[in-house]
Amino acid sequence: MIFGSEVLAALSGPTLGKLPDVISRGKDDIGEKLGINGYAYVKLFGYRFGITSTHIALLILLIAITVLAILANRVIRRADPYGKPGLAMTVIESLVNFIDNTTYSNMGEKHGGKFRNFIGTMLLFIFLSNISGVFGLRPPTADYGVTFGLAMITFFMIHINGFKHQKMKHITGLFDPIPLTPINIIGEISTPISMSLRLFGNVLCGTVIMGLLYNLLPKFLLLFWPGALHIYFDLFSGAIQAYVFTMLTMVFISKNFEE
Amino acid sequence: MDGIFNKEFVQGCSAIGAGIAMIAGMGPGIGQGYAAGQGAAAVGRNPGARGTVMGTMILGQAVAETTGLYSLIVAILLLFVNPFGL
């Protein structure tokens with residue numbers, strides 16, 4: 001705690017609200033300094049495991065995605081194939097078209113169809129959690145645990161598909177020029193780290209700046225000025241980062257399809 | 001107050017270090033601007049390939065942004081994690 005309580009309060013930001021004083025704040029918990037509030041926890045082996053605002057935001061997001069999926073299913077099932085498509089049907093169709101186009105053009109006609117569900121889920125989840133700052137949640141992707149989990153999913157997808165398509169060449173490829181073996185291994189390991197840090201850093205940057213703004217500006221400026229920044233930091237940056245994350249996933253997975 | 005390495009001194013140095021770490025934001029700025037310029041030139045030469053050029057440009061810019069984000073994370077760690085154990 002360096003700058004005292006004002007900046008600390010600022011970083012709590014437009015999140016789920018201030019922590020009630022019932023739960024004592026840990027002295028050296030970085031999460032609470034960056035706006036991740038703990039709501040209930042158990043102490044195990046000297047560490048605190050508990051429910052934080054990230055878990056709650058993820059739960060809300062999960063429910064929202066499920067409800068959206070059910071609604072989309074209803075709309076598709078009731079659509080009239082010979083009539084004019086309504087607004088919801090048009091939105092769903094363009095979303096599916098977009099996902100199909102990106103997967104087929106990046107992973108090839110042969111393999112694209114197998115991955116569009118995975119890529120589409122990833123894209124929807126990351127996009128919705130990036131823009132959830134608009135709805136007053138603390139974005140779950142501004143927590144390193146979430147982005148590292150996403151990057152580990154990508155890591156396992158890359159290597160399982162590598163073994164599937166290249167068999168043992170996937171391992172011998174690491175030793176291709178023998179002196180460069182350590183660099184190849186570090187390159188494989190650094191892929192998920194750089195992907196997760198890129199997403200985390202971008203979303204955290206937006207969250208920190210918005211939190212400072214909400215708490216340090218005078219009241220009358222808050223009526224219109226944060227809206228413009230919400231459009232940039234949450235909508236624009238979130239969409240770009242979701243696109244980039246899935247795009248890199250596709251590029252890294254389809255790298256193993258060749259030969 | 002025991003010696004010169006008291007808490008406030010180390011925290012002040014951490015804040016200065018965080019500021020210096022963010023100088024690394026210049027590099028990605030230059031790189032992204034260069035990529036955007038080249039992208040604009042490519043669209044000018046071949047307006048039909050606008051979608052492809054945009055996708056490639058945004059992907060390259062996002063990868064170039066990584067070093068700047070590393071510096072941001074270093075700055076945040078210096079400010080909030082208190083790595084010197086004081």
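Helices, as the word is used here, are DSSP runs of H or I with at least four residues, numbered from the N terminus. By that count Thr147(A) lies in helix 5 of chain A, residues 144–166. The model is a predicted one.

## The two chains

Chain A has eight helices and two strands. From the N terminus, its elements run α-α-β-β-α-α-α-α-α-α. Chain B has four helices and zero strands. Along the sequence, chain B reads α-α-α-α.

The table sets out chain-level values.

| Chain | Residues and share buried | Accessible surface and share on carbon and sulfur atoms |
|---|---|---|
| Chain A | 259 residues, 40% buried | about 14,900 Å², 70% |
| Chain B | 86 residues, 29% buried | about 5,200 Å², 71% |

How far along the sequence do the contacts reach? Take contacts between residues at least 6 apart in sequence. In chain A, 61% of these join residues at least 24 apart. In chain B, 74% of these join residues at least 24 apart.

## The interface

The size of an interface is often given as the accessible area lost when the parts come together. Chain B and chain A bury about 1,700 Å² between them. Carbon and sulfur atoms account for 79% of that buried area. Which elements of chain B each supply at least two residues of the side that touches chain A? They are helix 1 (7–21), helix 3 (50–64) and helix 4 (66–81). Helix 4 of chain B gives the largest share, 11 residues. By class, this side of chain B has 15 nonpolar, three polar and one charged residues.

In residue terms, 19 residues of chain B are in contact with 22 residues of chain A. Between the two chains the count of salt bridges is zero. Two residue pairs are in polar contact across the interface, both at pLDDT 80 or more.

Gly201(A) is one residue of chain A that touches chain B. Its place is in helix 7 of chain A, residues 181–216. Leaving aside neighbours within four places in sequence, Gly201(A) is in contact with Leu69(B), Leu72(B) and Ile73(B). Is Gly201(A) buried or exposed? Gly201(A) is buried, because its relative accessible area is 0% and the cut-off for buried is under 20%. Within chain A, the C-alpha atoms of Gly201(A) and Tyr144(A) are separated by 8.9 Å. The two residues are 57 apart along the chain.

## Inside chain A

Return to Thr147(A) in helix 5. Thr147(A) counts as buried because its relative accessibility is 0%. What does Thr147(A) contact, leaving aside its neighbours within four places in sequence? The partners are Thr141(A), Ser196(A), Leu199(A) and Phe200(A).

The structure holds one salt bridge over all chains. Arg116(A) forms a salt bridge with Asp100(A). The closest N and O atoms of that pair are 3.4 Å apart. Asp100(A) has a relative accessible area of 18%, so Asp100(A) is buried. Arg116(A), at 32%, is partly exposed.

Next comes a loop residue. Lys167(A) is found between helix 5 and helix 6 (169–172) of chain A. Lys167(A) is not a glycine, yet it has a positive phi of about 50°. Why does Lys167(A) count as exposed? Its relative accessibility is 56%, and the cut-off for exposed is over 50%.

## A position in chain B

Ala42(B) sits in helix 2 of chain B, residues 26–45. Its relative accessible area is 22%, so Ala42(B) is partly exposed. That class covers values between the cut-offs for buried, under 20%, and exposed, over 50%. How many residues apart in sequence are Ala42(B) and Met54(B)? They are 12 residues apart. In space, the C-alpha to C-alpha separation of Ala42(B) and Met54(B) is 9.7 Å.

Technical notes. Residues numbered from 1 in each chain as written. Chains lettered and ligands numbered in written order. Predicted model: local features only at pLDDT ≥ 70, side-chain atom pairs only at ≥ 80, totals over all residues. Heavy atoms only, no water. Contact = heavy atoms within 4.5 Å. Buried area = accessible area lost by both parts, 1.4 Å probe. Salt bridge = Lys/Arg side-chain N within 4 Å of Asp/Glu carboxyl O. Polar contact = N/O pair within 3.5 Å; in protein donor to acceptor, adjacent residues only side chain to side chain. Nonpolar A, V, L, I, M, F, W, Y, C, P; charged D, E, K, R; others polar. Buried < 20%, exposed > 50% of the residue type's maximum accessible area, 1.4 Å probe, protein only. Areas by Shrake-Rupley, 256 points an atom, 1.4 Å probe, with all protein chains shown as cover.
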